[in-house]
Amino acid sequence: MSTSLVEAPVTNNFMTDKSAESDEIGNFIKFIKSDIVANINFEKTTKTANDNLSSSNSDSDNELTFDSKVTGNKGLADIFNRKLFLGYSDDRVYFSKTQKWIGHVTCINEQSFEAKLEDLTASGTNETVEFDFDDISEEDKPLIDIGATFYWSLGYSHENGQVSKKSIIRFQRILTWDEDCLNNAAERANRLSTNLNWE
Amino acid sequence: MLDSPNYNEAEITLIGTGGYGEAILIHIGNNNWVIVDSCIDPRTKSPLTLEYLKELNVDVAKNVKLIICTHWHDDHILGISKVLEACKSAKLSFAKAHDKDKFLRFVAFDLDKARVERANSSTLEFNRCLDIMVERGIPIVGAVENRVLLTLNVSPAIVSKVFSLSPSDLTVEKFDHEISQLITQYGPPSKKMTINSPNAKSVAIFLKLGEHRAILGADLEVSRDSQEGWMNIVNNAQIIDRKSSLFKIPHHGSKNGYCKKVWDVLLKEDTVAKLTPWNKGNGLPDPDMLNRYCSLTEKVFMTSAHINSKPKSRDRQIEKIIKKLNYRLQEIKYKKGIIRCRIPMDDANSEWQVKLMGSALNVFSALH
């Protein structure tokens, strides 16, 4: 079996596995895809998977599962990163000890903005934060507006053997409404209008 | 297990959470209850009103007669669909819209947006409530100034009535116009829709509980226009027949919610005043406002003290990064406090018996 390193985590193979362990790995891959991949220049490689990744289904050379003995008791995301990238190349980039939030802007000041944060790493209580505009990339600055949604990730970046503290703030890009969405909303409004009774 | 009120006893219980909203439970007699708004425990997502009624052994499916959603804001609506689901015979009331079709189009479009943007949970809650009401076929009671929402004959001598004091006719008209604009300027799904000054559309409530009266201020503020907000109530509330002895201070005791004429004209001297704080940003109420309330009555109660919050406790290495990069993070602390007030409805000379639970405190005592 031969699989490229970068393709392995970004295909759906991990995510389609039904086990809880694979779901967690799948969520972590989504995390990597959503933010980190967008910001870090992954170098493609054609090296083959090592023993940590093994074929679970002989019918498909591309279908990979995470070796259960790898998971141990430590943070799955951490282990996933280390095991995935170690052994391929020393100049890989990966994150460890990540913390992630989704936020939306609640107030804009002269030099900063405030936001409400929902913790995506450990649910429970929410937080508020104030960012200086300088904390935001030039390409994201025009997206700062009341109600705008962003994702914020913190962690340790491991790059070329160097460890550094990283913070990534990415504003959600503009999605467009398609005709189906608008039709569904209109249909729902009509249905409610017909069926709701008012006193 | 908490003790239940007597059949002839009114109860007005305010539940606060610090930064996760507030809700009120009203016993209107004979084990019949009204729920105003909803808030949740952020760790369990469980509605606190249902937890409270469970402790009183109330059959919510049968005994909750009315649920009022004062306004469509996260801190007043979270968990309300679960509450409605459990309270199977309850009517639902929220601020009236003149043009219902237009209002429903707005709600349906916003639901699509809320599905994209997970933080917009108030829209999801509201839409779930509408679906439940369609399924049950129970009419929605539109709240507007001077309207009776519920009447209960507790005994030949005791009548309980629940009225809405707001929104005013002018506010409802303005809201129709605002919805038209919002639909026209409908933004991208990555942006949360913001309704201007939603607190003006809050449903303030007047209660006739036998011999006693109470006003629940929701988040209603003083408007520049005297036909809206508190001044409209002071000038035009025909249903208020006598002064109230209990007041839920509006909008976490903010300056915008304070109207001196309400205290002069609508409230008794030494009225019981209760409020919930807001632990976000600079927080509410500010100390000046607390002192002002304490100058008006000695019976000021708050569900918890204002907390100067720090970042959440988390992995030490993550804490190090937050500190190193100098981010100004504050946890919105969850502090559950309950202020329970009970009074016999058939005794005009009786006074409210106040019981504080959890983080609730007597503000007047704390300041003096």
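Trainee: Is A:Phe113 buried or exposed?
Mentor: In this predicted model, A:Phe113 has 0% relative accessibility, so the residue counts as buried.

Trainee: And how does A:Phe133 count?
Mentor: A:Phe133 counts as partly exposed, because its relative accessibility is 21% and buried requires under 20%.

Trainee: How do I read a pair of aromatic rings?
Mentor: Two values describe such a pair: the distance of the centres and the angle of the planes. Over all chains, the count here is 21 aromatic pairs. In one of them, A:Phe113 and A:Phe133 have ring centres 6.2 Å apart and planes at 25°, so the pair is stacked.

Trainee: Which parts does that pair tie together?
Mentor: A:Phe113 is in strand β4 of chain A, while A:Phe133 is in the loop between β5 and β6, so the pair joins parts 20 residues apart in sequence.

Trainee: What is the arrangement of A:Phe131 and A:Trp152?
Mentor: Edge-to-face, because the planes stand at 85° with the centres 4.9 Å apart. A:Phe131 belongs to strand β5 and A:Trp152 to strand β6 of chain A, 21 residues apart. Both A:Phe131 and A:Trp152 are buried.

Trainee: Which residues form the aromatic cluster?
Mentor: The cluster consists of A:Trp101, A:Phe113, A:Phe131, A:Phe133, A:Phe150, A:Trp152, A:Phe171 and B:Tyr327.

Trainee: Where does B:Lys100 lie?
Mentor: B:Lys100 is over the face of A:Trp198, 5.5 Å from the ring centre.

Trainee: What does the predictor give for confidence?
Mentor: Where pLDDT is low, the predicted coordinates should not be read in detail. Chain B has an average pLDDT of 90, and 91% of its residues score at least 70. For the complex, the ipTM is 0.79 and the pTM is 0.80.

Note on methods. Residues numbered from 1 in each chain as written. Chains lettered and ligands numbered in written order. Predicted model: local features only at pLDDT ≥ 70, side-chain atom pairs only at ≥ 80, totals over all residues. Heavy atoms only, no water. pLDDT = per-residue confidence, 0-100. Phe/Tyr/Trp six-rings, centres within 6.5 Å; stacked < 30°, edge-to-face > 60°. Helix = DSSP H or I, 4+ residues; strand = E, 2+ residues; numbered from the N terminus. Buried < 20%, exposed > 50% of the residue type's maximum accessible area, 1.4 Å probe, protein only. Lys NZ or Arg CZ within 6 Å of the ring centre and 35° of its normal.
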